[in-house]
Amino acid sequence: MSNPVSKQPLAGTLTTPATATATATAAVTAGRPDRTAGAPARGGRRSARRRELGAAGVLMTPFFILLVTVFLIPVGTAVWLSFFSDDQPGLGFGPERTVFAGVRSYTAVLTDPTFLGGLGTVVLYCVVYIPVLVIGALVLALLLDSGVVRLRSWAQLGLFLPHAVPGIIAALIWLYLYTPGISPVIDLLGKADITVDFLGVHTVLPSIVNIALWSNLGYNMVVFYAALQAVPREVIEASVVDGAGPVRTALQVKTPLVRSSIVMVAMFTLIFALQLFTEPMLLSQSTPMISSRFSPSMYIYDAAFTRNNYGLAAAASVVLLLCTIALSYGVTRWTNRANAQQEAAR
């Protein structure tokens, strides 16, 4: 007799242990993230990252080549030479030989009153020159940006044109204007009973500052003017609507917005001012007020090419480099601190 239950039709699919296991596995698998699907995407991101790094390396290779050849190798050579000296044994009658001198050259530089006096001269030059240059260039740029100056393009070209004159030529032009007997400026002042000695003991430094200003004022004015052109016009219009006049707009609206350009110009001017060489070197031909060691750069030149003491010249170069780095770092830290305090006050 057959089982009646076995002949009844099935309401659904018959579930066996194997089927239940497969179903559960499929359900668990469906709930997990597909790791194999994400693998190609991660590989693509990695390859894109490698391509970006490769492109950046190719673009920065010329910079690093110039950095190594123009800066690092000369600095390393100067540091190496500063620890050696050329000595002549036998009371100066023996053959010259290069010997290790340690820090003897640094001691000689740091105890030499002429080098310390040159550092003091350059510091005084920076104190006079940098504020006048930065403030003067900023004022000229603000005047051009305000529209007060007519024929703006011609004025900008006329102010920038002295920078196109090489520094040596500029120094020669002003040497001609400073020299008594041949200077038309001195002759004109003499007719008005005004006697001015541009190369005197108290006027030689202002004369050098004047040459540097004539050469670099227009260039830095263009830098400030370009920064002012990037200031949003909506900000200026809002200050005018609030009742700010032209002077207040220039000092309290425009100037803070170009603070980064001001800091950049001041820092680069400081670096170049510490290397003062061309102007006093040429003016020294006409006045005894400028000695052969008037500035640290002239001291280095005199030590290397007049006294043939390359170790002393290298040591002085390293000292000047360290002073430049320290002052640049100080300016950067002071600027960052001022910006942080300004942001905190807001």
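1. Basis. This is a predicted model, in which local features need pLDDT of at least 70 and side-chain atom pairs count only at pLDDT 80 or more, whereas totals for chains, interfaces and linings use all residues. Residues are numbered from 1 along each chain as its sequence is written, and side-chain values use heavy atoms, with hydrogens and water left out.

2. Overall make-up. The chain has 14 helices and 2 strands, these being DSSP runs numbered from the N terminus (helices H or I, at least four residues; strands E, at least two). Of its 346 residues, 29% count as buried, where buried means under 20% relative accessible area, exposed means over 50% and partly exposed lies in between, with a 1.4 Å probe and protein chains only. Among contacts with a separation of 6 or more, 64% come from residues 24 or more positions apart, contact meaning heavy atoms within 4.5 Å.

3. Aromatic pairs. A search of the whole structure finds 12 aromatic pairs; rings of Phe, Tyr and Trp (its six-membered ring) pair if their centres lie within 6.5 Å, and planes under 30 degrees apart count as stacked, over 60 as edge-to-face and the rest as tilted. Phe83 and Phe100 form a stacked pair, 6.5 Å centre to centre with 15 degrees between the planes. That pair links distant parts of the chain, with Phe83 in the loop between helix H2 (35-82) and strand S1 (84-87) and Phe100 in strand S2 (residues 97-100), 17 residues apart. Phe83 counts as partly exposed because its relative accessibility is 26%, and Phe100 counts as exposed because its value is 59%. Trp174 and Tyr178 form a tilted pair, 5.7 Å centre to centre with 40 degrees between the planes. To answer the opening question, these two residues are separated by about one helical turn, because they are 4 residues apart in H6. Both Trp174 and Tyr178 are buried.

4. The ring cluster and Phe84. Ring pairs link Trp80, Phe83, Phe84, Phe100 and Tyr106 into a cluster. Phe84, found in strand S1, touches Thr98, Val99, Phe100, Ala101, Ser105 and Gly311, if residues up to four places away in sequence are not counted. Phe84 and Leu312 are 228 residues apart in sequence, yet 8.9 Å apart in space, C-alpha to C-alpha.

5. A charge over a ring. The charged end of Arg307 sits over the ring of Tyr299, 5.2 Å from its centre; the criterion is that NZ of Lys or CZ of Arg is within 6 Å of the ring centre and within 35 degrees of the ring normal.

6. Nonpolar cores. The largest nonpolar core has 45 residues, and those with the most contacts inside it are Tyr125, Tyr129, Ile208, Phe224 and Leu283; such a core is a set of buried Ala, Val, Leu, Ile, Met, Phe, Trp, Tyr and Cys residues joined through side-chain atoms within 4.5 Å. Helix H4 (113-146), H6, helix H8 (204-229) and helix H11 (259-273) are the elements that give two or more residues to this core. Ile208 touches Tyr125, Leu276, Glu279, Pro280, Leu283, Ile290 and Phe294, again not counting residues up to four places away in sequence.

7. Helix packing. Helix H5 (residues 152-160) and H8 pack at an angle of about 135 degrees, with their axes 7 Å apart. The arrangement is therefore oblique, given that angles under 35 degrees count as roughly parallel, over 145 as roughly antiparallel, 65 to 115 as roughly perpendicular and the rest as oblique. Axes here are lines fitted to C-alpha atoms, for helices over the stretch in contact, and angles run from 0 to 180 degrees between N-to-C directions. The contact is made by Arg152, Gln156, Leu159 and Phe160 of H5 and by Gly218, Tyr219, Met221, Val222 and Tyr225 of H8.

8. Backbone points to check. Most residues other than glycine have a negative phi. Asp193, in the loop between helix H7 (184-191) and H8, has a positive phi of about 60 degrees although it is not a glycine, and counts as exposed at 71% relative accessibility. Asn308, in the loop between helix H13 (296-305) and helix H14 (310-345), has a positive phi of about 55 degrees and is partly exposed at 48%.
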